[in-house]
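Hi,

Here is the structure I promised to pass on to you. Have a look at it first, and then read on for what I found.

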Amino acid sequence: MHSNFNMSFLASFFFCLTLLFALTTPVVSAQDAKGKVPELEWSDLVPKDYQVEIPTSIEHIGQAMAGPQSINAPVVEELDGKTIKIPGFVVPLEGDDEVVTEFLLVPYFGACVHVPPPPSNQIIHVTMEKGAPASAFYDPIWITGTISTETWKGDLAQVGYKMKGLEVAPYDDF
C-alpha cells in the first residue's frame, strides 16, 4: 500500500504543478491560420476565472488525494464543437483485446483507477466509431477529435467533456 500511495501522491503532485504553471495558457481556436488542429493542454479545459485550490504543502496534497472527486468543476463553453488534439492516458471502458471503442482520457497515469478521480473538467469521455487498436493505449497518446461540453457519468467518475475521437497517435513530446 505504501508504494501505491507514493505513486498516487507523485501523480497528484505533478498534476497540481501542471495546473499551477499552465493556467495562463490561452485557449486556441478550432484551427490555426494554417488549418492545423490546435494542441490543447489540460489547463485549457479549465475556465480562466476559475480558482483552482492548489495544495501548498505535502500534507495538503495527501489530504486532497483522500477527498471526493470535484464533480461540478466548470468547463470552457467556447470549446464546444471544436476539433482539438490533446495528450493523455487511457482508461478503457468498452472494447476487447483488439479494439477499444469507448474510454476516458485523463491527464496522468492511474487517474480514475485510484481514488479520487481528477475534477470532472479534467476527464474526457471519448467514443471512437471504428475503434482504436487496444495496443495503442499502454502508453500516453494524442487524441484528435471533436469535443463537447456535455457531461457523462459512469462507475469510475463524472466527466465534464465528451469527444468523438477521430485519430489516435503515440505521444511523442518527450
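Leaving out residues up to four places away in sequence, Phe103 touches Val90, Val91, Pro92, Leu93, Ile124, His125, Val126, Met128, Phe137 and Ile143, where a contact means heavy atoms within 4.5 Å. Please keep in mind that this is a predicted model: local features need pLDDT of at least 70, side-chain atom pairs count only at pLDDT 80 or more, and totals for chains, interfaces and linings use all residues. Residues are numbered from 1 along each chain as its sequence is written, and side-chain values use heavy atoms, with hydrogens and water left out.

Phe103 also belongs to the largest nonpolar core, which has 23 residues; Leu45, Ile86, Phe103, Leu105, Ile124 and Ile143 touch the most other members. By nonpolar core I mean a set of buried Ala, Val, Leu, Ile, Met, Phe, Trp, Tyr and Cys residues joined through side-chain atoms within 4.5 Å. Buried means under 20% relative accessible area, exposed over 50%, and partly exposed in between (1.4 Å probe, protein chains only). At least two residues of this core come from each of β1 (83-95), β2 (99-106), β3 (124-133), β4 (141-148) and β7 (161-170), and β3 gives the most, with 4 residues. Apart from it lies another core, of 9 residues, including Val91, Leu104, Tyr108 and Val159.

Now to the strands. In β4, 7 of the 8 residues are buried, so this strand is largely enclosed by the rest of the structure. β4 pairs with β1 in the antiparallel sense over 6 bridges, and Trp142 in β4 is the bridge partner of Pro87. β4 and β7 are also paired in the antiparallel sense, over 8 bridges; here Lys164 in β7 is the bridge partner of Thr146. Pairing requires that DSSP finds at least two bridges between two strands.

For the overall layout, the protein has 2 helices and 7 strands, in the order α-α-β-β-β-β-β-β-β along the sequence. Helices (H or I, at least four residues) and strands (E, at least two) are DSSP runs, numbered from the N terminus. Of the 174 residues, 41% count as buried.

Gln122 lies in the loop between β2 and β3 and counts as buried, because its relative accessibility is 0%. The side chain of Gln122 reaches the backbone oxygen of Trp42 at 3.1 Å.

Best wishes

Note on methods:
A polar contact is a pair of N or O atoms within 3.5 Å; within protein, one must be able to donate a hydrogen and the other to accept it, and residues adjacent in sequence count only if both atoms are side-chain atoms.
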